[in-house]
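Let's take a walk through a protein together, starting with its rings and ending at its ligand. Have the picture open and follow along.

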Amino acid sequence: MLDGNSRQNLATFCQTWADPEVHRLMDECLDKNMIDKDEYPQTAEIEARCVRMLADLWNSPETADAMGCSTTGSSEAAMLGGLAMKWRWREKRRAMNKSADRPNLVCGPVQVCWHKFARYFDVELREIPMEKDRLIMSPEEAVARCDENTIGVAATLGVTFTCQYEPVEAVCRALDALHADSGLDIPVHVDAASGGFLAPFVDPDLVWDFRLPRVKSINASGHKFGLAPLGVGWVVWREARDLPEELIFRVNYLGGDMPTFALNFSRPGGQIISQYYNFLRLGREGYARLHGACYETAAYLGREIGRMDIFNVIYDGRGGIPAVTWSLAEGATPGCTLYDLSDRLRGRGWQAPAYSMPANRQDMVVMRALIRHGTSRDLADMLVADLRRCLDYFAKNPVLNPLGRREAGGYSHT
Ligand SMILES: *Cc1c(COP(=O)(O)O)cnc(C)c1O
């Protein structure tokens with residue numbers, strides 16, 4: 001009862017609206033354990049079909065026998081992609097009779113799952129710091145961090161902090177050049193948690209997927225823009241040989257011979273079935289229309305926020321995820337920080353997070369609003385009206401004096 005209202009949560013990338021059929025499917029699938037492929041062979045078949053559909057969507061050269069699986073979300077999927085890269089790198093090192101004890105992974109500003117991967121599996125994370133207005137990885141910065149111990153480059157299609165896409169194609173080209181110059185052949189994994197279910201539908205000409213031979217694996221969250229209910233992610237490898245055989249376990253204690261290569265074992269099957277339902281019900285055209293509407297709403301919100309002089313729009317919803325990211329304009333004197341503003345918006349139920357950027361832009365504080373299916377233009381209008389109301393309130397009741405210092409008695413989030 002005391003939890004927030006999920007549709008007003010502009011912080012989450014996860015799906016917070018589902019049609020009645022999905023509710024019904026989830027109910028009917030309550031007892032289905034997706035790992036038990038002997039008892040639930042049709043759920044297994046549906047999972048396999050989803051993998052093939054995703055391999056096709058991401059332009060895999062091996063759609064018919066694509067290698068991949070469902071997971072609990074992108075975090076687990078990213079771990080599997082990372083593990084495969086680590087195993088392949090180690091195999092290569094051993095074949096050359098070279099040490100394989102200091103693996104590293106090169107990435108831009110990543111979601112926390114990659115920090116977990118690096119720590120849990122003993123891989124050095126070489127995270128490219130932000131620099132002035134460059135808030136994502138650049139091909140030059142990525143290549144500069146690669147060496148013989150690099151298991152791969154993880155590029156993000158929809159960066160958590162800004163919602164921008166990293167330039168996967170340019171990064172691959174730069175790695176091609178590195179390969180030609182130095183012999184270092186570095187694979188790329190794309191963390192397409194959000195973008196994997198957006199770009200193929202609304203920006204099909206953007207080349208980021210298996211059309212690039214260097215992209216060996218891709219993960220995406222079914223429960224984000226895949227429109228499935230919470231609890232499903234996907235990972236797909238380019239070719240069967242990109243997933244080392246040692247990572248696949250075969251068990252027969254549920255009856256039948258079952259290959260398994262996820263971290264988890266028992267898991268509900270309803271999310272997978274709902275994912276398939278959405279694929280069939282919406283098709284490419286349906287996903288394109290739903291997401292297209294979100295992009296229009298995001299562009300509208302970006303324009304409205306851009307019209308408020310005290311804000312500086314950092315990402316306006318174009319070329320990445322349907323979302324808006326903004327900071328305070330230089331010299332603006334709203335009488336509050338973005339943290340105060342976020343707090344005040346909470347009074348109307350909105351969760352619009354304020355947060356600081358990672359290295360080297362910790363000085364920059366931003367607010368971000370995701371636009372998902374279920375965030376209508378009407379809802380966006382109400383958010384804009386509430387934003388204006390909050391700003392009026394702080395103009396009349398500042399918690400900061402014009403020098404940006406807190407009045408006595410004010411509180412601080414830091
Ligand atoms: C959300 C997200 C993740 C984690 O995904 P879950 O599905 O929540 O486990 C990883 N990477 C990126 C870029 C994300 O946006």
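Are Trp-58 and Phe-197 buried or exposed? Find them in the model, which is a predicted one, and you'll see that both Trp-58 and Phe-197 are buried.

These two belong together in another way.

Next, turn to Trp-237 and Phe-261. Here the ring centres are 5.9 Å apart and the planes meet at 65 degrees, so this pair is edge-to-face. It also links distant parts of the chain: Trp-237 is in strand β7 (residues 233-237), and Phe-261, 24 residues apart from it, is in the loop between β9 (258-260) and α8 (270-307). What about their surroundings? Trp-237 has 0% relative accessibility, so it counts as buried. Phe-261 has a relative accessible area of 13%, and because the cut-off for buried is under 20%, Phe-261 is buried.

Back to Trp-58 for a moment. Ring pairs join Trp-58 and Phe-197 with Phe-201, Trp-208, Phe-279 and Tyr-287 into a cluster.

Rings can have charged partners here too. The charged end of Arg-90 sits over the ring of Trp-87, 4.3 Å from the ring's centre. In the case of Tyr-300, Arg-377 lies over the face, at 3.6 Å from the ring centre.

Now for the ligand. Which residues surround the ligand? They are Gly-73, Ser-74, Ser-75, Gln-111, Cys-113, Thr-156, Gly-158, Asp-191, Ala-193, Ser-221, His-223 and Lys-224. Sorted by class, this shell has 2 nonpolar, 8 polar and 2 charged residues.

Zoom in on the ligand's oxygen atoms. Ser-74 brings a backbone N or O atom to 2.8 Å from a ligand oxygen. Ser-75 uses a polar side-chain atom instead, 2.6 Å from an oxygen atom of the ligand. His-223 also has a polar side-chain atom by a ligand oxygen, at 2.7 Å. How much of the ligand does the protein bury? On its own the ligand exposes 380 Å², and the protein buries 88% of that.

Key
Residues numbered from 1 in each chain as written. Predicted model: local features only at pLDDT ≥ 70, side-chain atom pairs only at ≥ 80, totals over all residues. Heavy atoms only, no water. Buried < 20%, exposed > 50% of the residue type's maximum accessible area, 1.4 Å probe, protein only. Phe/Tyr/Trp six-rings, centres within 6.5 Å; stacked < 30°, edge-to-face > 60°. Helix = DSSP H or I, 4+ residues; strand = E, 2+ residues; numbered from the N terminus. Lys NZ or Arg CZ within 6 Å of the ring centre and 35° of its normal. Near = heavy atom within 4 Å. Polar contact = N/O pair within 3.5 Å; in protein donor to acceptor, adjacent residues only side chain to side chain. Areas by Shrake-Rupley, 256 points an atom, 1.4 Å probe, with all protein chains shown as cover. Nonpolar A, V, L, I, M, F, W, Y, C, P; charged D, E, K, R; others polar.
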